[in-house]
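Student: Hi! Could you walk me through this one?
Tutor: Happy to, here it is.
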Amino acid sequence: MIVAVMAVDSPDVACWLARRPTMMRMRLLPAGPWYRHIVSESPAGLVDYDAELHLHNRVLRRAYSIRRDDRVLDIGCGAGETTRDAARMAAAGSALGVDYSAQMINRARALSEAEGLHNVTFEVADAQIHRFPPESFDVAISRFGTMFFANPAAAFANLARAIRPDARLVMMVWQAHDHNEWSVAIQRSLTGSAASPRSRPETDPFSLAERSTVQRILSEAGFDRVSFADVQVPVYYGPDVDAALAFVGRFASTNDVLAGLDPASRERALERLREALAAHHSRGGVWFDSRAWIVKARRGDHRG
Ligand SMILES: C[S@@+](CC[C@H](N)C(=O)[O-])C[C@H]1O[C@@H](n2cnc3c(N)ncnc32)[C@H](O)[C@@H]1O
């Protein structure tokens with residue numbers, strides 16, 4: 001089942017969607033000029049992760065079903081957009097965002113202070129091993145923050161201990177590399193091969209792409225009622241090719257490949273990357289197809 005519901009007033013994005021038969025199951029709703037908002041909300045005109053995932057976030061927000069008095073845990077919260085969303089939904093409850101990057105947590109704190117949110121806190125913590133107070137959350141959420149665990153079995157067992165029995169886990173993770181146009185295009189332009197990049201679990205964005213793997217990890221960690229919703233909305237890389245190149249150039253995976261090349265090969269790889277981005281540039285900016293799962297599960301009464 002496709003769960004994506006999105007607002008579209010950009011003719012380019014509407015065309016982009018219409019070119020893709022798999023998108024036909026999505027409902028397209030009229031709305032304001034959201035793609036201008038995407039660009040202007042980023043500091044100094046830079047594209048950031050919140051802008052890239054603006055459409056994903058719309059789908060995810062609906063999927064949380066957070067109640068007014070829920071206590072929410074946001075895993076790998078980054079700059080905290082999803083934590084702030086959760087805090088607004090849980091107006092009589094609370095939201096805690098954890099991330100092991102102190103830099104991201106500082107930014108998350110600054111952004112939530114600027115919004116005057118009083119029921120949100122952030123902690124620098126490794127979600128895999130952090131000693132959360134047991135059974136102290138009603139829902140755990142994550143937007144692409146659970147794929148980088150070195151030991152997923154231990155990490156999800158730790159998270160299961162943090163939430164109360166029957167509490168919900170709602171996480172968005174990437175589907176496989178070859179289902180993600182953005183990843184194939186970047187990989188092909190940087191390495192000349194469309195094959196999936198080899199990554200360690202700590203840096204592999206596709207580590208939770210296989211449903212059977214996720215199902216096994218979660219049930220061993222003490223979760224049940226695991227379900228998957230297929231989300232197909234595009235990622236946004238910027239208003240023009242220069243902005244997109246600057247954004248993609250900040251990806252760790254891009255830098256990993258470029259760091260291994262001599263200066264001339266690096267130059268050629270960047271030129272191919274620029275061409276790939278230009279091929280996806282239209283009046284609404286630079287967009288690539290993407291596929292993700294929203295995985296939902298409940299903590300069982302007995303932990304595995
Ligand atoms: C792809 S980013 C997503 C950030 C955020 N959820 C968002 O959507 O903007 C992944 C984040 O997970 C964090 N992360 C990865 N592994 C973690 C761990 N074991 N504990 C805490 N944070 C982790 C990273 O520092 C990074 O900020």
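This is a predicted model: local features need pLDDT of at least 70, side-chain atom pairs count only at pLDDT 80 or more; totals for chains, interfaces and linings use all residues.

Student: How many residues surround the ligand?
Tutor: There are 20 (C-beta atom, placed from the backbone, within 6 Å of the ligand). The closest are Gly76, Gly78, Ala127, Arg143 and Gly145.

Student: And which helix and strand supply at least two residues each to that shell?
Tutor: Helix 5 (81-89) and strand 4 (94-99) do.

Student: New topic: at what angle do helix 10 and helix 12 pack?
Tutor: Helix 10 (residues 241-248) and helix 12 (residues 263-278) pack at about 125°, with axes 9 Å apart.

Student: Which residues make the contact?
Tutor: Val241, Ala244, Leu245 and Val248 of helix 10 meet Leu273, Arg274, Leu277 and Ala278 of helix 12 (C-beta atoms, placed from the backbone, within 7 Å).

Student: Last one: what is phi of Glu135 near?
Tutor: Phi of Glu135 is near 50°, a positive value in a residue other than glycine. Most residues other than glycine have a negative phi.

Student: Where does Glu135 lie?
Tutor: Glu135 sits in the loop between strand 5 (120-124) and strand 6 (137-143). Glu135 is partly exposed, with 14 other C-beta atoms within 10 Å (20 or more would be buried, 12 or fewer exposed).

How values were computed: Residues are numbered from 1 along each chain as its sequence is written. Helices (H or I, at least four residues) and strands (E, at least two) are DSSP runs, numbered from the N terminus. Axes are lines fitted to C-alpha atoms, for helices over the stretch in contact, and angles run from 0 to 180 degrees between N-to-C directions. Two residues are in contact if their C-beta atoms, placed from the backbone, lie within 7 Å.
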